[in-house]
Amino acid sequence: MKQVGRYIVSKNPVWTVPLALPIVLFASQSPEWAVLFGVTVALVVPFVHVLSYFMESHLPRMLRIIPVLVIAGTVVTIVELFAIRAGVVPSDRMLLMLRAVSVSGIVIWPTIRAPRRERFVDRMQVVLGLTIGFVLGFALFSLIRFGIGQAGIGLANSVAMGFFLLAVGRMIAIVSGWTGDAAPRKEMQ
């Protein structure tokens, strides 16, 4: 479980690694989109890797991404159909971004970075850490962005404001030592 905590805190895909940058910037523009994308990532990432792990183990390393992409595309399509069935009819832009989740870094990274003889338990720890870290980081980022918009700042949904907030979040993560990137302190003599 230490691995899960590491990905939630020190390798959080929202604040420290730009695995989910397009999703974060796009989906945080409205509460409805934020919920849809948060739920989609929370469902897609673990489900994809539970299924793909066993297929990947029978493939050469250079082909292991194929089951991930096929399963992710299928799961995202199912989520899309359920959303439409539930009355959430996404715009064309939202639909394209929703489909892009299937090829986003947060979905493919656990396979690309997997060690050669990775165990299922190890994969699931990485996947759960990334997923939980994304959902928590994305919820915080979205709430901050919504708060800025509610305060009357018209640029709250701009890419520039999104990057600014991500940069501030990254700086806080580094200064606080969450990422392990903080420069070592020199002892005063």
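Tutor: Arg 123 is buried, because its relative accessible area is 2% and the cut-off for buried is under 20%. The model is a predicted one, and the values below are computed from it.

What does Arg 123 form a salt bridge with? One partner is Glu 56, with the closest N and O atoms 2.8 Å apart. This pair links distant parts of the chain: Arg 123 lies in helix α7 (residues 120-150) and Glu 56 in helix α3, 67 residues apart. Glu 56 also counts as buried, because its relative accessibility is 2%.

Arg 123 has a salt bridge with Glu 118 as well, and here too the closest N and O atoms are 2.8 Å apart. Both Arg 123 and Glu 118 are buried.

The structure holds four salt bridges. Another of them joins the side chains of Glu 80 and Arg 99, at 3.0 Å from N to O. This pair also links distant parts of the chain, with Glu 80 in helix α4 and Arg 99 in helix α5 (residues 92-100), 19 residues apart. Are the two ends buried or partly exposed? Glu 80 is buried, because its relative accessibility is 7%. Arg 99 has a relative accessible area of 40% and so counts as partly exposed.

Helix α7, which carries Arg 123, has 31 residues; at 1.5 Å a residue they should span 45 Å, and the end C-alpha atoms are 44 Å apart, so the two values agree. After α7 comes Gly 152, which has a positive phi, near 95°.

Helix α3 (residues 31-56) can be checked by the same rule: its 26 residues should span 38 Å, and its end C-alpha atoms are 36 Å apart, which agrees. Where is α3 kinked? The kink is centred on Val 50 and amounts to about 30°.

Tyr 53 and Phe 54 are also residues of interest, for their rings. The structure holds six aromatic pairs. Tyr 53 and Phe 54 make one of them, with ring centres 5.2 Å apart and 90° between the planes, an edge-to-face arrangement. An angle over 60 degrees is what counts as edge-to-face, so 90° qualifies. Elsewhere, Phe 26, Trp 33 and Phe 37 form one aromatic cluster.

Helix α4, which holds Glu 80, covers residues 65-85 and also contains Ile 66. Ile 66 is partly exposed, because its relative accessibility is 45%. Together with Met 62, Leu 63 and Val 70, Ile 66 makes a nonpolar surface patch of about 410 Å². Helix α4 therefore holds both Ile 66, which is partly exposed at 45%, and Glu 80, which is buried at 7%.

Through the pair of Arg 123 and Glu 56, helix α7 is linked to helix α3. Through the pair of Glu 80 and Arg 99, helix α4 is linked to helix α5.

How values were computed
Residues are numbered from 1 along each chain as its sequence is written. This is a predicted model: local features need pLDDT of at least 70, side-chain atom pairs count only at pLDDT 80 or more; totals for chains, interfaces and linings use all residues. Side-chain values use heavy atoms; hydrogens and water are left out. Helices (H or I, at least four residues) and strands (E, at least two) are DSSP runs, numbered from the N terminus. The expected span of a helix is 1.5 Å times one less than its number of residues. The bend at a residue is the angle between axes fitted to the seven residues ending there and the seven starting there. Rings of Phe, Tyr and Trp (its six-membered ring) pair if their centres lie within 6.5 Å; planes under 30 degrees apart count as stacked, over 60 as edge-to-face and the rest as tilted. Patches are made of residues with over 30% relative accessible area and no salt bridge: like charges are joined within 9 Å, nonpolar side chains (Val, Leu, Ile, Met, Phe, Trp, Tyr) within 5 Å. Accessible areas come from the Shrake-Rupley method with a 1.4 Å probe; for residues, only the protein chains shown count as cover. Buried means under 20% relative accessible area, exposed over 50%, partly exposed in between (1.4 Å probe, protein chains only).
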